[in-house]
Amino acid sequence: MLTEIRHRNIVKLHGFCLHNRCMFLIYEYMERGSLFYVLRNDAEAEELNWSKRVNVIKGIANALSYMHDCKPSIIHRDITSSNILLNSSMEAFVSDFGTARILDPDSSNQTLLVGTYGYVAPELAYTLLVTEKCDVYSFGVVTLETIMGRHPGELISSLSKTNSTQSIILKDVLDSRLPLPLKKDAQDVVLLVTIALSCLSSTPKSRPSMQQVAQQLSVSKQPFHVCFEEISLQQLMNRDMFVVGRN
């Protein structure tokens, strides 16, 4: 599978060795390491400014859209900040396909629960059914993590509580190591958080597809006529950006 897929935001496989006790993959070298590392190192995180973070998320979205659009679809199943690698220009590459699965149209696609705690779609715990929407959920988590500079576990827990997001102001959850975004960056951040919240829907069918996400990130932004510093997460959750089908 890895030798056949080609995308500018998927880490390139140069070769592999499978021989008795010697088994390894040779990937393209990523100078900046993982997104997880960069976000947890203050100097690196400050270098990863808002525009670079936006580009990181766009790269992830484009890679997942490509994988899901393959015939048959490829589901990564472990999208985390540790599995997103950055090159010297801070461009994102999806890596670590050890848990990836090719969807079988003639199968139920049920499987053992795999993935990383805090990134796994909630429905997998009781259905064990793998779909593209599992990656969509994980993408939502990584998007918020990139914007917040930390794992959004507590925030995600609060999303299911009635009216809890009404009092949460967007600017208060952004990575405090960066100055508040201005103009285009602010518009991009609003869009990314809006998309992330849609991806985190507890109902898989209510989540957008990665194709829809990638398309939304590639078109001109719709202005949000509210002062950036007054935008609440509830307002973003109420934005209707996608016509969600049954994918």
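Reply: Two residues are in contact when heavy atoms of theirs lie within 4.5 Å. With that rule, and leaving aside neighbours within four places in sequence, Y66 is in contact with I5, R6, H7 and I10. The model is a predicted one.

Me: Where is Y66 found, and how far is its C-alpha atom from that of R6?

Reply: Y66 belongs to helix 3, which covers residues 50–68.

Me: Why is Y66 called partly exposed?

Reply: Its relative accessible area is 25%. Buried means under 20% and exposed means over 50%. The value for Y66 falls in between, so the residue counts as partly exposed.

Me: What makes L159 buried?

Reply: L159 has a relative accessibility of 18%. The limit for buried is under 20%, so L159 counts as buried. L159 is placed in helix 6, residues 153–159. From L159 to S202 the C-alpha distance is 9.8 Å, and the two are 43 residues apart in sequence.

Me: Is S138 buried or exposed, and how do you know?

Reply: S138 is buried, because its relative accessibility is 5% and the label needs a value under 20%. S138 sits in helix 5, residues 132–148. Apart from neighbours within four places in sequence, S138 is in contact with I79 and Y119.

Me: What cavities of 30 Å³ or more does the structure hold?

Reply: There is 1 cavity of 30 Å³ or more. The largest cavity has a volume of about 80 Å³. Its lining is made of 14 residues, and R77, D78, V114, V120 and S138 are the closest to its centre.

Me: Which helix gives the most to the lining of the largest cavity, and how do the lining residues divide?

Reply: Helix 5 gives the most, with 3 residues. The lining of the largest cavity divides into 7 nonpolar, 4 polar and 3 charged residues.

Me: Why is R53 said to lie over the face of W50?

Reply: R53 is at 5.5 Å from the ring centre of W50. The rule asks for CZ of Arg within 6 Å of the ring centre and within 35 degrees of the ring normal. R53 lies over the face of W50, so this pair counts as a charge over a ring.

Me: How many aromatic pairs are there?

Reply: The count is 0 aromatic pairs. A pair needs ring centres within 6.5 Å.

Technical notes:
Residues numbered from 1 in each chain as written. Predicted model: local features only at pLDDT ≥ 70, side-chain atom pairs only at ≥ 80, totals over all residues. Heavy atoms only, no water. Helix = DSSP H or I, 4+ residues; strand = E, 2+ residues; numbered from the N terminus. Buried < 20%, exposed > 50% of the residue type's maximum accessible area, 1.4 Å probe, protein only. 1 Å grid on protein atoms, 1.4 Å probe; cavity = no way out; pocket = protein on both sides within 12 Å on 5 of 7 lines; lining within 4 Å. Points joined across faces, edges and corners; volume = space filled by probe spheres on them. Nonpolar A, V, L, I, M, F, W, Y, C, P; charged D, E, K, R; others polar. Phe/Tyr/Trp six-rings, centres within 6.5 Å; stacked < 30°, edge-to-face > 60°.
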